[in-house]
Amino acid sequence: QRRVRVSSGINAEYGDIFPGSVFFFMGCWYLFNSLKNFHLQEVYVHQNVFRKPLEPFGKIVVCLAGMLSECFSADWLLFMKEESTSDSADWQHFTMYLLFMITGFCDLVCSKYRRVGRTLLYMSYISAYLIESALFLAHLHGRPMLDIQCHKLIAYSGIAVSLCLIYLLFNPSSIVAAALYSAIVSVHGLWFCEVGFILLSPFENDFWKKDSAAHSMLANVFFCWTFIGVVGVMSGVAVVMDKHYNKYPSDRTRSRHIEMNGLLDSE
C-alpha cells in the first residue's frame, strides 16, 4: 500500500513538484536576466545574484516552508531507537532545503557587499548543489532499479550545475556558459517533477515497472528529451529577446551600436 505523508521530499506523493517548480523558475529567471544583461551591458558579466531584496527573501521563505514540511514528517528520535521504520530521507531533504536557504542569505550579503559577496555566493551555490547530489547518491541502497536511475539523473544534473558555476566563477563574461547553466537548472527542476510521476504515479494503472531494465533505459530517454526540449525553448526565447532589443534598443545598447559602427567605419 502506498504511503502518503505530509512532506515535500522525494518519497512523498506529488512532493517533487514543489522543489522542482522552484528550480525550474530559478532557471528561467536566470536565463531572462542573463540575456537582458547581455544586451544592456557594454561588457557582459554574469551575475548570479538577485538585485531586489524581495527575491532572496522569497527563496528563504520557500526553503523554510520545505524544511518545516520535513519537520512534520520526520522522526527526530530516529537514532535513539534500536529499530525504526521511519524514513531517514526526511533528514536528508531537510539538509537540502537548509543549504539552499543559506544561498538566500548569501544573496542578501552579495547585494550589499558585492566584492566580498560574489565569491561567497558562488561558493554557497556550488556547495549546495554538490551536497544535494551527494545526498541523493547516498540514499539509493536497497531501492529498485528505476528508482536508483531516476535519483542518479537528479544527482548528475546537480553536479553539472556545479561545474557550470565553477566555470562562471572564473569566466563571468561567457554568455554561453550562463545560458547552459540556466538550462541545466531548469532541467534539474523539470526532472524533479517527472520523477514524482514516474516513481509515485497518481494513476491507477501505473505504466512504470520499478525493477525493469527497459524502463530504466526509458527514463534515461525521457531525461534526454527533457534537456533537448529545454534547450530548444530557451534558444527560441534568446532569439525573440535578441530581435526585441535590436528593434527597440535602449539608450545604452543604441550608443554601443553607434560606437561599434564607428569603429568598423574607421577601419
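Q: Which residues does Tyr 129 touch, not counting residues up to four places away in sequence?
A: Tyr 129 touches Phe 23, Met 26, Phe 100, Gly 158, Val 161, Ser 162, Leu 165, Val 185 and His 188, where contact means heavy atoms within 4.5 Å. The model is predicted: local features need pLDDT of at least 70, side-chain atom pairs count only at pLDDT 80 or more, and totals for chains, interfaces and linings use all residues. Residues are numbered from 1 along each chain as its sequence is written, and side-chain values use heavy atoms, with hydrogens and water left out.

Q: Why is Ser 157 called buried?
A: Buried means under 20% relative accessible area (1.4 Å probe, protein chains only). Ser 157 has a relative accessible area of 4%, and is therefore buried. Ser 157 lies in helix α5, a helix being a DSSP run (H or I) of at least four residues, numbered from the N terminus. Beyond its neighbours within four places in sequence, Ser 157 contacts Ile 184, His 188 and Phe 223.

Q: Which residues of α7 are buried, and what covers them?
A: Among them are His 215, Phe 223 and Tyr 245; the cover includes α1, α5 and α6.

Conventions
Buried means under 20% relative accessible area, exposed over 50%, partly exposed in between (1.4 Å probe, protein chains only). Helices (H or I, at least four residues) and strands (E, at least two) are DSSP runs, numbered from the N terminus.
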